[in-house]
Every structure is written in structure tokens, then in C-alpha cells.
Amino acid sequence: MTIQAGDLTRTLAPTAFFHDDTILTEIANTSYATGTPEIGVYFVAPPSGKIRLTIGGGFRDNGASLDRIFLSPQLFRDNADGAEVLAPSVTLRGYLSLSNNTAFQYGCRVSLIENLTPGQIYYIRTMHLATPGTDPDTSDIAARDLIVIPLP
């Protein structure tokens, strides 16, 4: 199908993104937490019910003690009080920092989320936890990023 000038087209909702470079230091929580500030965006599911998700940031173990950070998305219908659609999981859609990096490393993970209800409002946010190594409380986060791109 070729689109000609004057043809009607359906547009997608805009990309939603949030970048924050607030440094979180000495992270010790071993269960998922949002952090302060909370990094989250609202978006409307496109007609396809598919989005491209990018989650990432900057992480370090400032004590070189084998600490690691898990950064994962959590997805809800409507808002953070709505039904949870996607629980935080580093293995499915999250990003895991390397241990022994005393300087900040930056990275991200891109994934596809399907089967969303077209036209439904969703809220997605980052969640993180630390896996303590030999010296707990030495994990830091320098930045967190979240990008949601609706797909046709």
C-alpha cells in the first residue's frame, strides 16, 4: 500500500520517556523498590497492542565487593494502584549490572510487550534491588531511563 498526499492515516500515540540522573547511593534493598524520585510514565496502548520498551541506566559497585543492581519494569493498567500487568523481573525485561565495576557502567535492554488492550491507559515504572556481595550497601545508581514506543 502506498500512501499518497491527502490520504487519511492513523497516527500512533507519542513516545513516552523519562530520564533521571539523581544518584541513588548505598542501595541495600533486596526486594524491588521504586527509589526516589519514582521513574514512571503513562501511555496509551496503540491499536496493535504492542510497545517497544527500553529500560536502563548507570550502575556501579563502589566497594568492588560483588554487589549487583537489578533494574526492572513494572506495568499497571490505569495507574500504580491498578491491576499489575507485568511484575518486575530482571530475567524477562530488566537489566542487570556487572559486579566489581567501581566506575559507573551504562546500559539498557530493549524488549517487546504485546497483548495490551488497544486504547487502554497504562503506567510503567522502574523498580530496582541490590544483591549484596561481600560488603552490602555499596551499590549505586547514577541514572535511570524508561522509554515506551508504541508500535503499529
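Ile121 lies in strand 9, where strands are DSSP E runs of at least two residues and helices are H or I runs of at least four, both numbered from the N terminus. At 42% relative accessibility, Ile121 counts as partly exposed; on this scale, buried means under 20% relative accessible area, exposed means over 50%, and partly exposed is in between (1.4 Å probe, protein chains only). Together with Tyr42 and Val44, Ile121 forms a nonpolar patch on the surface, with about 280 Å² of accessible area. Nonpolar side chains (Val, Leu, Ile, Met, Phe, Trp, Tyr) are joined within 5 Å, and like charges within 9 Å.

The model is a predicted one, in which local features need pLDDT of at least 70 and side-chain atom pairs count only at pLDDT 80 or more, while totals for chains, interfaces and linings use all residues. Residues are numbered from 1 along each chain as its sequence is written, and side-chain values use heavy atoms, with hydrogens and water left out.

Turning to the overall fold, the chain has 0 helices and 10 strands, giving the pattern β-β-β-β-β-β-β-β-β-β along the sequence. Of its 152 residues, 41% count as buried. The accessible surface comes to about 7,900 Å², with 53% belonging to carbon and sulfur atoms; areas come from the Shrake-Rupley method with a 1.4 Å probe, and for residues only the protein chains shown count as cover. Among contacts (heavy atoms within 4.5 Å) with a separation of 6 or more, 80% involve residues 24 or more positions apart.

The largest nonpolar core is a welcome place to look next. Such a core is a set of buried Ala, Val, Leu, Ile, Met, Phe, Trp, Tyr and Cys residues joined through side-chain atoms within 4.5 Å. It holds 24 residues, of which Phe43, Leu75, Ile113, Leu116, Ile124, Leu146 and Val148 touch the most other members. Two or more residues each come from strand 2 (24-27), strand 3 (40-44), strand 4 (51-61), strand 5 (68-77), strand 9 (121-131) and strand 10 (139-150). Strand 4 gives the largest share, 4 residues. Beyond its neighbours within four places in sequence, Val148 is in contact with residues including Val41, Phe43, Ile51, Leu53 and Ile124.

Ser139, found in strand 10, has 1% relative accessibility and counts as buried. With residues up to four places away not counted, Arg125 touches Glu38, Gln74, Phe76 and Leu146, among others.

The aromatic pairs number 4, a pair being rings of Phe, Tyr or Trp (its six-membered ring) with centres within 6.5 Å; planes under 30 degrees apart are stacked, over 60 edge-to-face and the rest tilted. Phe59 and Tyr95 are stacked, at 5.6 Å centre to centre and 25 degrees between the planes. Phe59 lies in strand 4 and Tyr95 in strand 7 (residues 95-96), so this pair ties together parts 36 residues apart in sequence. Both Phe59 and Tyr95 are buried. The rings of Phe104 and Tyr106 have centres 6.5 Å apart and planes at 45 degrees, so that pair is tilted. Phe104 is partly exposed at 24%, whereas Tyr106 is exposed at 55% relative accessibility.

Terms used:
Patch = residues over 30% accessible without salt bridge, like charges linked within 9 Å, V, L, I, M, F, W, Y side chains within 5 Å. Salt bridge = Lys/Arg side-chain N within 4 Å of Asp/Glu carboxyl O.
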